[in-house]
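Here is a note for a colleague who is meeting this structure for the first time. Please keep the sequence and the model at hand while going through the points.

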Amino acid sequence: MNPFNYQGPVDPGHLIDRRAELDALQNAAADRIAIRLAAPRRFGKSSLLDAHIDAMREAGHRAVRVDFSKVATLGDVAARVAAAYEDLPSDPGRRVRSWAARLEVSGSVAGVRVGLGARPSRPPADEARAALLELLDVPLALHADGELTVVCFDEFQEILVADDAVDGLIRSVIQHHGGSATYVFAGSQPSLMHALFSEHERPFYGQARPLELPTLPIAEAAHDIEALLTAEGLDPGDAVDRLLAHTGGHPQRTILLAHHLCNVLEAGHGDDDPTATALGLALKETRDSHQALWDGLGRNERLILLAIGDGYAPTGSTFSDEHRVARSTLREALERLLADQRHVRLDPTGRPYLLDPLFAEWLRRR
């Protein structure tokens, strides 16, 4: 089987680098310090959390990841907690199973599905709130055996979709857990995560140590990818270095290209440029999503992306004159893209760049 899985969390044994981030998470767990982990989508956040959970379990602790992706109601939030906490051993009073049954939690192809019993004793919102309050206290009850429970709340910012005050509800419970549990709050919308933990009026203000998830270190990533390819009996030559020159260490795009490179090398057709072939396959696979992104942008945002992709100053006078758009208008478009944080970021020198290297390549080839 191709060792490069790019469509979901990576198996902890195949995680590329991230040793520094894992050390930071494990040290924080040992010190009972909460962590706020923010990273763009496709940066390997969930893979890192799974590797952290795996390491914590190997050390003898309880550990679990609660995925809040696409929750819409308070009942959904309670159901996700119930579904995840069912994996925790020795549930005191079987409270997780009882609430899971009461909420009618079940698995489905799309993930966790939740409904309320036919005759709840309270209105659905009150029933869900009561469930959440009790479920969140399970790690404290488990601490009777003296062991730590590590809880990773993934896509934590999504809880605000369900209820703008649910972060206060969660904080009101877990603030009393002391040494019984430690928490990681992870999210793929850095601006919302920053607001949750940095705005004075939010309950979690200043309550977690920030941890950023950068791009993969090039040298370490090259070493790990080459090791995985070699284990498959493949000789990549300089293909991995050239691959990373395209991706710049973007985690998911690096794994996607490595996946296609592995297939190209395994085919054994004597491809003169396996990296270029892998890149072409990756662009073919992602072109529909790139086109959809492009179609959803206004003209000025498109101009900004084209300029950045081609290496021009997007708000400079030359580019402004060429396209007959005021520099102030271009600056406003750039600010909107930066505020959105999904497609454009600033490097350490303050220069804008495209977050997705495959989208940048797609733009250059249009």
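1. Is Ser-46 buried or exposed? The model is a predicted one, and in it Ser-46 has a relative accessible area of 18%, which falls under the 20% limit for a buried residue, so Ser-46 counts as buried.

2. Ser-46 belongs to helix 2, which runs over residues 45-58, and, when residues up to four places away in sequence are left aside, Ser-46 touches Pro-9, Arg-65 and Asp-154.

3. For the chain as a whole, the model shows 17 helices and 9 strands. Of its 366 residues, 49% count as buried, while the chain exposes about 17400 Å², of which carbon and sulfur atoms supply 49%.

4. Strand 6 deserves a separate look. Why can strand 6, residues 181-187, be called largely enclosed by the rest of the structure? The reason is that 7 of its 7 residues are buried. Ala-181, Tyr-183, Phe-185 and Gly-187 point one way from the strand, whereas Thr-182, Val-184 and Ala-186 point the other way, and the residues of both sets are all buried.

5. The pairing of strand 6 can be followed with two other strands. Strand 1, residues 35-38, pairs with strand 6 in the parallel sense over 4 bridges, and in this pairing Ala-38 has Gly-187 of strand 6 as its bridge partner. Strand 5, residues 149-154, also pairs with strand 6 in the parallel sense, here over 5 bridges, and Phe-153 stands opposite Phe-185 of strand 6.

6. A search of the whole structure, limited to cavities of 30 Å³ or more, finds 1 cavity, and the largest cavity has a volume of about 40 Å³.

Terms used:
Residues numbered from 1 in each chain as written. Predicted model: local features only at pLDDT ≥ 70, side-chain atom pairs only at ≥ 80, totals over all residues. Heavy atoms only, no water. 1 Å grid on protein atoms, 1.4 Å probe; cavity = no way out; pocket = protein on both sides within 12 Å on 5 of 7 lines; lining within 4 Å. Points joined across faces, edges and corners; volume = space filled by probe spheres on them. Buried < 20%, exposed > 50% of the residue type's maximum accessible area, 1.4 Å probe, protein only. Pairing = 2+ DSSP bridges. Areas by Shrake-Rupley, 256 points an atom, 1.4 Å probe, with all protein chains shown as cover. Contact = heavy atoms within 4.5 Å.
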